[in-house]
Amino acid sequence: MPDKPIPPTLNGAESLVRTLVSGGIEVCFANPGTSEMHFVGALDRVEGMRAVLCLFEGVATGAADGYARMAGKPAATLLHLGPGLANGLANLHNARKVPVPMVNIIGDHASAHQPFDAPLTADVADFARPVSHWIHSSASARSVAADAARAVQAARLPPGQIASLILPADTAWGAAERPAPPLPVPGPATVSDRAIADAAASLRSGGKVAFLLRGAALRGEGLEAAGRIAAKTGARLVCDTFAPRIERGAGRVYVERLPYRPQPAIDFLADTQTLILVGTQAPIAFFAYPGQPSELTPPGCTPLVLAHPHEDGAGALEALADRLGARAAAPVTPFEPPALPTDGALTAESIMRIASHFLPEQAIISDESVTAGFPHYALLDRAAPHDCLQLAGGAIGDGMPVATGAAIACPGRKVVSLQADGSAMYTLQSLWTQAREQLDVTTIICANRAYKVLRDEVQGVGLGQVGPKGLSMFDLTNPVLDWVKLAEGMGVELVRVESTAGLAAACRSAMSQRGPRLIEAIF
């Protein structure tokens, strides 16, 4: 549909929306308030921007993250003043750790109103700073378009940045001149020949070498090149414990996952003499534990950077494969989905086994299953080919929002959200947006009715025994979360299952149909 003609006069908000659209931003995940009404009004006058209403800002920011991971380009968020931004900070933290491109439009009080310290007045820039790579506050309606073009440019800089544009209300309603054209964005930097030569030398040295891969190295041509190198040299291919996006399953090159806890991770890399880093840093522990190291590179192992995150890691692997003469096709994982378990009560293992068995081809998994799924991650190794999106920043509550954004980015692909019940409560409003937008997302709630990860952490931090008052902090049974009522209240079809046969039937049905569904798997 052709764009509506640009009027002879337009306000700052309209110049902003037109600039975002011309810069390739097609989706805005929004939770607007009074200060953003002119932006909302501009949506009806500008073609090309899909507005997705989210009932909580943490859903909006998490959905923009999931969208960017799968679309490879930024979405916008629309957030209401400092408190609205604050509600979205946890998932902006996650997005920054990925990192993904994103443009946050954050409303603010009109310039003349700010000195009065109204109830919602806040230092928006200070709120945004820890989770943003680029921050700017528009000074006038006439500069908004140019500011927006710079925000889009900043967001698109490799490997992706969080750009936060603060929009005082008067700059949205004031008269503007015209939208701004897109600004040039450089691609990822080319890896130096020296870095490729050093990596080749380490692989030819005869010592044990492992690659730690992230970003574009975990999909497409980058992953295939890594597989050819591994087949030629015997090097191991490893990904971070929580890789933001990885192509897995049948027909894909197999990549090992770094263990979560410090000592198992060190043991996992034992005898590795060189750890070649592609798009990531040398491994570190998720938390500090008494008497355990923070750095997980084992003694005697030297980290070697092939590609920094802003560099072309996939291209570097291609060049390294050429230098090594690694031209033979990489071995790939066969299609051997796990067999269904015999009928009986559900366990964490049987939930993952059944989900893996019924996973459709080219599905997208948003994995926030935490303790339920982590030990059984390998069950997906030989399932149908899929993309797996994980909790890159560690702040729980991004699983369902990421699934929401991924479904909008890839409407032709089934999205499966593997979700722990405790962390699902952080952003359960995602279900409402999935129902409103009729997104093809199947959410499997792994309902152990506890913060089990915290129970496991008790021993890790050396706390010893915890009494009844402390144990009550990990318990979700008083009262029990009623996902039937929660999902129905959000407009999502739900089934509750307590047996392997029940879950198998529910998964078979959900994977063969489109639309939002939730399966509560109690174990």
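Colleague: What makes strand β18, residues 441-447, largely enclosed by the rest of the structure?

Modeller: In this predicted model, seven of the seven residues of β18 are buried, so the strand is largely enclosed by the rest of the structure. Buried means under 20% relative accessible area.

Colleague: Which residues of β18 point one way, and which the other way?

Modeller: Val-441, Thr-443, Ile-445 and Ala-447 point one way, Thr-442, Ile-444 and Cys-446 point the other way, and all are buried. In a regular strand the side chains alternate between the two faces of the sheet.

Colleague: How do you know that β18 pairs with β17 and with β20?

Modeller: Two strands pair if at least two bridges are found between them. Six bridges join β17 (residues 415-420) to β18, and these strands run parallel. Six bridges also join β18 to β20 (residues 517-522), again in parallel. Ile-445 illustrates both pairings: Ile-445 is the bridge partner of Gln-419, and Ile-445 stands opposite Glu-520 in β20.

Colleague: Why are β11 and β19 said to stand at the edges of the sheet?

Modeller: The open sheet has seven strands in the order β11-β16-β15-β17-β18-β20-β19, with mixed pairing. β11 (246-248) and β19 (493-497) each have a single partner strand, so one side of each is left without a neighbour in the sheet. From one strand to the next, the twist averages 20°.

Colleague: What joins β15 to β16 in that sheet?

Modeller: Five bridges join β15 (residues 363-368) to β16 (residues 386-390), and the two strands run parallel. One of the residues involved is Ile-364, whose bridge partner in β16 is Asp-387.

Colleague: Which helices lie across or pack on these strands, and at what angles?

Modeller: Helix α19 (residues 483-490) lies across β18, β19 and β20, running at about 170° to β19. Helix α20 (residues 500-511) packs on the sheet and touches β17, β18, β19 and β20; the direction of α20 makes about 165° with that of β20.

Colleague: What makes β9 a mostly covered strand?

Modeller: Five of the five residues of β9 (residues 209-213) are buried. Val-209, Phe-211 and Leu-213 point one way, while Ala-210 and Leu-212 point the other way.

Colleague: How do you know which strands pair with β9?

Modeller: The bridges show the pairing. Five join β9 to β13 (residues 274-278), and four join β9 to β10 (residues 236-239); both pairs run parallel. Ala-210 has Leu-275 as its bridge partner in β13 and Arg-236 as its bridge partner in β10.

Colleague: Why are the buried residues of α9 said to line one face of the helix?

Modeller: The buried residues are Ala-195, Ile-196, Ala-199, Ala-200, Ser-202 and Leu-203. Seen down the axis of α9, the buried residues fall within an arc of 160°, so they line one face. An α-helix has 3.6 residues a turn, so residues three or four places apart point the same way. What covers the buried residues of α9 includes β9, α10, β13, β14 (302-307) and α12 (313-324).

Colleague: Which residues are exposed on the other side of α9, and what follows the helix?

Modeller: Asp-193, Arg-194 and Arg-204 are exposed there. Gly-206, with a positive phi near 95°, follows α9.

Terms used
Residues are numbered from 1 along each chain as its sequence is written. This is a predicted model: local features need pLDDT of at least 70, side-chain atom pairs count only at pLDDT 80 or more; totals for chains, interfaces and linings use all residues. Side-chain values use heavy atoms; hydrogens and water are left out. Buried means under 20% relative accessible area, exposed over 50%, partly exposed in between (1.4 Å probe, protein chains only). Axes are lines fitted to C-alpha atoms, for helices over the stretch in contact, and angles run from 0 to 180 degrees between N-to-C directions. Contact means heavy atoms within 4.5 Å. The arc is that of the directions from the helix axis to the C-beta atoms.
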